[in-house]
Amino acid sequence: MAVTLLDIQPTIQNNLVSTIVESIYMRNPLLALIPFVDNDGKTTYQMIVEDGLAEGSTTRQINSDYTEGTAKNKVVSFDLGIYGGLGFVDNYLVKAGGVPYDLLNSQIQAKAKAAGIAFQRDFFNGDASVNAQTMTGLKKIVASTSSESVSTDALSLEDFDAAVYGVSGANVIFANGKTVARFNKLIRESGLLALTSVDVVGVPATVYNGVKILSTDVAGLNSPILADGEIYSARLGADGVFGIQANLPEPTIVEPGLRPGYTIRYEWFAGVAVQPGSVYRIKRNLTA
């Protein structure tokens with residue numbers, strides 16, 4: 001069963017785990033929307049998909065049988081990345097009046113947010129052949145299946161239409177802030193004003209033809225996660241693009257020992273799996 005972090009967080013009994021999970025998805029719409037499948041502690045997820053259409057007709061003549069055609073399947077694998085964080089609170093800060101677990105909680109929230117950002121960057125741009133500790137992201141996956149359209153043409157409203165209809169059942173489009181702003185400008189210039197807005201964990205989203213358009217921008221990053229004019233449309237769900245995780249980000253707290261203070265560490269083994277035909281990438285030029 002695929003469940004989003006947003007849905008599972010209220011059911012977590014451990015307050016610290018709950019705080020970490022909330023920090024990962026808060027103001028990160030990707031991690032609030034994408035459902036995760038429990039990978040039973042394994043670091044590789046495998047699924048069987050169709051390898052092309054089955055041969056043979058779907059009709060027959062009277063007194064005759066159907067033409068035999070065997071469906072071809074193949075096994076595809078997706079690796080999980082390693083995400084987590086380490087925090088430390090010196091005994092001096094505790095003696096100065098701080099409550100150790102409150103101080104650790106503050107540190108781990110910041111590191112959990114960083115892990116969520118790292119997951120989002122790798123979700124699109126990760127390449128396990130370059131960094132074995134990360135997942136392979138959508139950019140490399142769509143390139144291997146030719147599920148993309150790349151040109152130097154100027155970004156147009158038709159490109160967003162192509163993104164919406166490039167994936168059957170698409171429910172989200174991701175782009176950076178500049179690209180979303182260009183989309184809004186194109187909408188205004190076209191005279192189409194029938195757009196609605198929704199809030200996704202503190203991030204505004206425009207709904208276009210029933211599909212949420214979300215910015216992947218994160219304040220403070222030196223470089224954007226997606227390039228200008230780069231668009232991903234996806235069908236998020238167990239039948240499309242979904243997260244895989246071997247565990248929830250569970251923390252371990254070590255009280256003063258070799259180091260003079262409290263240490264907290266958490267790890268989250270997670271990645272992304274993609275059903276065929278559930279994601280499409282468009283790259284256009286914003287300056288043309």
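Which residue takes a positive phi in the hairpin of S9 and S10? In this hairpin, which has two residues between the strands, Asn 209 takes a positive phi near 55°. The model is predicted, local features need pLDDT of at least 70, side-chain atom pairs count only at pLDDT 80 or more, and totals for chains, interfaces and linings use all residues. Residues are numbered from 1 along each chain as its sequence is written, and side-chain values use heavy atoms, with hydrogens and water left out.

**View A. The open sheet.** Seven strands form a mixed sheet in the order S6-S15-S11-S7-S10-S9-S8. Strands are DSSP runs (E, at least two residues), as are helices (H or I, at least four), numbered from the N terminus; two strands pair if DSSP finds at least two bridges between them. Strand S6 (148–154) and strand S8 (196–200) are the edge strands, each pairing on one side only.

**View B. The hairpins of S9.** Five bridges join S8 and S9 in the antiparallel sense, with Val 207 of S9 as the bridge partner of Thr 196. Val 201 takes a positive phi near 45° in the hairpin of S8 and S9. S9 and S10 also run antiparallel, joined by three bridges, and Thr 206 stands opposite Ile 213 in S10. Five of the six residues of S9 are buried, that is, under 20% relative accessible area with a 1.4 Å probe, protein chains only (exposed is over 50%, partly exposed in between).

**View C. Pairing of S7 with S11.** Strand S7 (residues 172–175) and strand S11 (residues 230–234) pair in the antiparallel sense over three bridges. Ala 234 in S11 is the bridge partner of Val 172.
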